Amino acid sequence: MSKKGCQTCHFLRQKNPFFTYYDKNDKSNSDLALNEIVKLVWYWVYQIPVSIIEKFTTKTRNTIVNWNNLSKDVAVAMFDKRKKMGDPGKIVQIDNSLFQSKRKYNRGRLRNGDIIPNVNDNLSSDTDNIDDHSTQKNYGTRIQGPWIFGMCYKNIDGVIERRFFKVEKRDKANLLPIIQNQIELGSIIYSDQWGAYSTLKDIVHHHETVNHS
């Protein structure tokens, strides 16, 4: 009887550093069954507490922590190896936002507790008579927080890729290195008119801006 179909067999563990992992004590953890490893990775992805994983798997705390650390290292390594966004002539959009402070451009919903002051009863009901500053200002307590710098790109497969970075300041010193490291040279960058982007034309071939006002 002749054999049909693919006769090539691949072993998942063979020459795979993930499944031949050694912990800090040089003890091999590869003696775990494949389904046990998959379960540990699944628990890590969904951020299940170690104490709960111990009950579900009966594995020791050290084993669980070691595999959690390995999973994190693999994710970071893949993040560092990923291809830059964009391609020559392709559009990459960038923007930044502070989610924990005053509304950007006075747009968006107010946070809980924000109260617009009462308008003088003598004023007309016509909104043109109301000070624009008093109707748009965010009156909630100002909360300091890091800026989130984001970029998105629609690749040739139609998939929209998004990347986000936390920065303490949205100045040139913080944003330009990220742009250079994450976006392919020659891509068309779309952004608002924030001052930190003013020198983008010096490091990319094409930069377009959008006026939010």
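This is a predicted model: local features need pLDDT of at least 70, side-chain atom pairs count only at pLDDT 80 or more; totals for chains, interfaces and linings use all residues.
Reader: Which residues of helix H2 are buried, and how are they placed around its axis?

Author: The general idea comes first: an α-helix has 3.6 residues a turn, so residues three or four places apart point the same way. In the case of H2, which covers residues 50–57, the buried residues are Val50, Ile53 and Thr57. Seen down the axis of H2, these buried residues fall within an arc of 55 degrees, so they line one face of the helix.

Reader: What do the buried residues of H2 pack against?

Author: They pack against helix H1, residues 34–45, and against H3.

Reader: Is Asn68 buried or exposed, and what is it in contact with?

Author: Asn68 counts as buried because its relative accessibility is 14%, and the cut-off for buried is under 20%. Leaving aside its neighbours within four places in sequence, Asn68 is in contact with Leu40, Trp44 and Val50.

Reader: How should I read the sheet, and in what order do its strands come?

Author: In general, strands of a sheet pair through backbone hydrogen bonds, either parallel or antiparallel. Here five strands form an open sheet in the order S3-S2-S1-S4-S5, and the pairing is mixed. The edge strands, each of which pairs on one side only, are S3 and strand S5, residues 206–210. On average, and with direction ignored, neighbouring strands of this sheet are turned by 20 degrees against each other.

Reader: Which strands does H5 lie across?

Author: H5 lies across S1, S2, S3 and strand S4, residues 188–192, and runs at about 150 degrees to S3.

Reader: Which residues of the largest nonpolar core touch the most other members?

Author: Of the 20 residues in that core, they are Ile94, Phe149, Met151, Ile179, Ile183, Ile189 and Leu200. Strand S1 (91–97), strand S2 (147–154), strand S3 (160–167) and helix H5 (172–182) each supply at least two residues of this core. A second, separate core has nine residues, among them Ile37, Leu40, Val50 and Leu70.

Reader: What does Ile183 touch?

Author: Not counting residues up to four places away in sequence, Ile183 touches Lys84, Met85, Val92, Ile94, Met151 and Ile189.

Note on methods: Residues are numbered from 1 along each chain as its sequence is written. Side-chain values use heavy atoms; hydrogens and water are left out. Buried means under 20% relative accessible area, exposed over 50%, partly exposed in between (1.4 Å probe, protein chains only). Contact means heavy atoms within 4.5 Å. A nonpolar core is a set of buried Ala, Val, Leu, Ile, Met, Phe, Trp, Tyr and Cys residues joined through side-chain atoms within 4.5 Å. Helices (H or I, at least four residues) and strands (E, at least two) are DSSP runs, numbered from the N terminus. The arc is that of the directions from the helix axis to the C-beta atoms. Two strands pair if DSSP finds at least two bridges between them. Axes are lines fitted to C-alpha atoms, for helices over the stretch in contact, and angles run from 0 to 180 degrees between N-to-C directions.
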